[in-house]
Amino acid sequence: MGLSYSEWNEVKLSDIAQYVSDKIETSMINKDNYISTENMLPNKGGVTIATNLPNTKKVNSSLKGDILISNIRPYFKKIWYCDYPCGVSTDVLIIRTKDNRIYNKFLYYFLSQDKFFDFMVGTSKGTKMPRGDKNAIMSYQFKLPPLKEQKLIAKLFELIDEKIKLNNEMNKTLEEIAQSIFKHWFVDFEFPNENGEPYKSNGGKFVESELGMIPEGWYIGKLTDIAELIMGQSPKGDTYNFEGKGLGLINGASDFKDGKITPLKYTTDPKKVSKKGDWIFGVRATVGNVTYVDKEYCLGRGVGVARALSDKVREYLYFQLIEGINYLEKTALGSVYINLSKSDLENMKFVIPSKKIIKRFHETVSPLFNKININTVENNNLILLRDNLLPKLMSGEIRIPEAEEAVESCLQKNN
């Protein structure tokens with residue numbers, strides 16, 4: 001299909017793209033449209049909402065279609081295709097195509113390759129906080145396919161990314177449904193009585209407790225009544241690496257955002273290790289962000305995990321962790337740097353329902369959590385497929401028909 005790889009045009013990045021440093025008043029932006037290296041997610045995870053705005057009077061300005069790459073510690077592989085106009089930190093490169101020889105979405109996918117980030121790392125300057133060499137980056141050479149083939153390649157990867165996005169949106173909706181059921185049952189006390197009717201509205205009996213009135217047969221307990229608590233312990237610094245050797249190291253809540261765990265480094269000497277099915281959360285600086293653990297990780301000192309004592313209590317544990325940690329965070333008066341201790345967490349008090357109601361809650365919401373896990377596994381497979389196809393398509397090793405077949409096969413497997 002089209003020209004062979006040997007006939008693609010040899011170009012340098014500077015031939016078809018340029019850096020942009022247009023300015024915008026900081027007063028014109030907000031946390032939703034400000035991009036810095038802090039709120040760019042590692043491993044090509046896109047962006048999240050900023051936690052802070054800069055103190056400077058002006059910041060750089062990007063347009064929809066620009067490509068944003070964090071220029072600090074390029075081994076974190078932070079890149080984003082700009083979906084809307086943004087204010088941008090000077091630590092983030094804004095790359096814009098020059099003319100119609102290059103399709104900007106194709107360039108985004110091209111620059112998402114590990115090969116490009118390896119080049120950035122290899123030419124970066126500094127040791128503790130390496131920065132990409134802007135001149136070296138623009139000298140990067142590659143072969144450029146015809147515009148028509150660029151668009152076909154980009155369209156294929158857009159299909160993958162759209163499916164990932166849809167799964168994420170579905171997961172968000174499913175969790176919101178489960179959370180509303182939790183609130184209805186365990187905050188409003190409208191869980192089904194023996195006749196299947198809302199308990200409180202139909203004369204359910206309540207008793208006094210230190211946390212107020214609670215349904216008869218329930219009691220005030222602690223986290224350790226339903227879960228084992230494991231606090232992280234950082235391994236020796238000389239065991240860290242960025243090559244994937246050993247276990248992924250989770251040092252804090254910044255390593256898991258939007259339900260996805262993305263370790264920035266690895267260690268060959270883990271001290272504390274998570275298990276599949278645990279709930280992980282931050283305990284230092286950024287606390288909470290309770291996230292499902294999909295496999296073993298090394299737990300650093302900035303995190304802890306709660307391991308349900310029974311499968312039937314796992315979903316209830318999840319929502320109570322969120323509620324409990326939020327409460328601890330709000331009551332940490334005068335503390336700028338929040339640090340939750342093991343005793344803080346172990347002594348969290350909350351209402352524990354009867355075993356019968358917990359079992360019924362599990363039966364009600366576990367199908368929702370199972371679907372979330374299925375979607376997450378599919379997303380992980382799609383990300384792996386995308387990352388495997390990228391260098392093969394960009395190097396001409398395979399062409400569009402073969403890649404389309406691989407994508408179709410992956411999507412069918414998960415439906």
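Visitor: Why is F189 called buried?

Guide: Buried means under 20% relative accessible area, exposed means over 50%, and partly exposed lies in between, with a 1.4 Å probe and protein chains only. F189 has 11% relative accessibility, so F189 counts as buried. This is a predicted model: local features need pLDDT of at least 70, side-chain atom pairs count only at pLDDT 80 or more, and totals for chains, interfaces and linings use all residues. Residues are numbered from 1 along each chain as its sequence is written, and side-chain values use heavy atoms, with hydrogens and water left out.

Visitor: Where is F189 found?

Guide: F189 is in the loop between α5 and β11 (206–207). Helices (H or I, at least four residues) and strands (E, at least two) are DSSP runs, numbered from the N terminus.

Visitor: What is the phi of F189?

Guide: About 60°, a positive value, although F189 is not a glycine. Most residues other than glycine have a negative phi. K77 also has a positive phi, near 55°, and is not glycine. K77 lies in the loop between β6 (67–70) and β7 (79–81).

Visitor: What makes P145 buried?

Guide: Its relative accessible area is 2%, so P145 falls in the buried class. P145 sits in the loop between β10 (141–144) and α5.

Visitor: Which residues does P145 touch?

Guide: W8, F106 and Q150, not counting residues up to four places away in sequence. Contact means heavy atoms within 4.5 Å.

Visitor: How do you know whether K257 is buried or exposed?

Guide: Its relative accessible area is 19%, so K257 is buried. The place of K257 is in strand β17 (residues 256–257). Leaving aside neighbours within four places in sequence, K257 is in contact with E38, L41, T48 and N289.

Visitor: Why is A406 placed in its accessibility class?

Guide: A406 has a relative accessible area of 28%, so A406 is partly exposed. A406 belongs to helix α9 (residues 400–413). Beyond four places in sequence, A406 touches L385 and L389. The C-alpha atoms of A406 and Y19 are 35 Å apart, and the two are 387 residues apart along the chain.

Visitor: What makes β14 and β23 a pair?

Guide: Two strands pair if DSSP finds at least two bridges between them. β14 and strand β23 (residues 303–308) have 5 bridges, in the antiparallel sense. One of the partners in β23 is A308, bridged to A227.

Visitor: How many cavities does a search of the whole structure find?

Guide: It finds 1 cavity of 30 Å³ or more. On a 1 Å grid over the protein atoms alone, a cavity is a set of points where a 1.4 Å probe fits but cannot get out; a pocket is an open set with protein on both sides within 12 Å along at least five of seven lines; lining residues have an atom within 4 Å of a point. Grid points are joined across faces, edges and corners, and a volume is the space filled by probe spheres set on the points. The largest cavity has about 40 Å³.

Visitor: Which residues line the largest cavity?

Guide: K44, Y108, Y109, S112, D161, R386 and L390. α2 (104–111) and α8 (355–394) each supply at least two of the lining residues.

Visitor: What is the volume of the second largest pocket?

Guide: About 460 Å³. It has 17 lining residues, and L211, Q320, E323, K349 and F350 are the closest to its centre. α6 gives the most to this lining, with 6 residues.

Visitor: How much of the chain is buried?

Guide: Buried residues make up 47% of the 415 residues. The chain has 9 helices and 24 strands.
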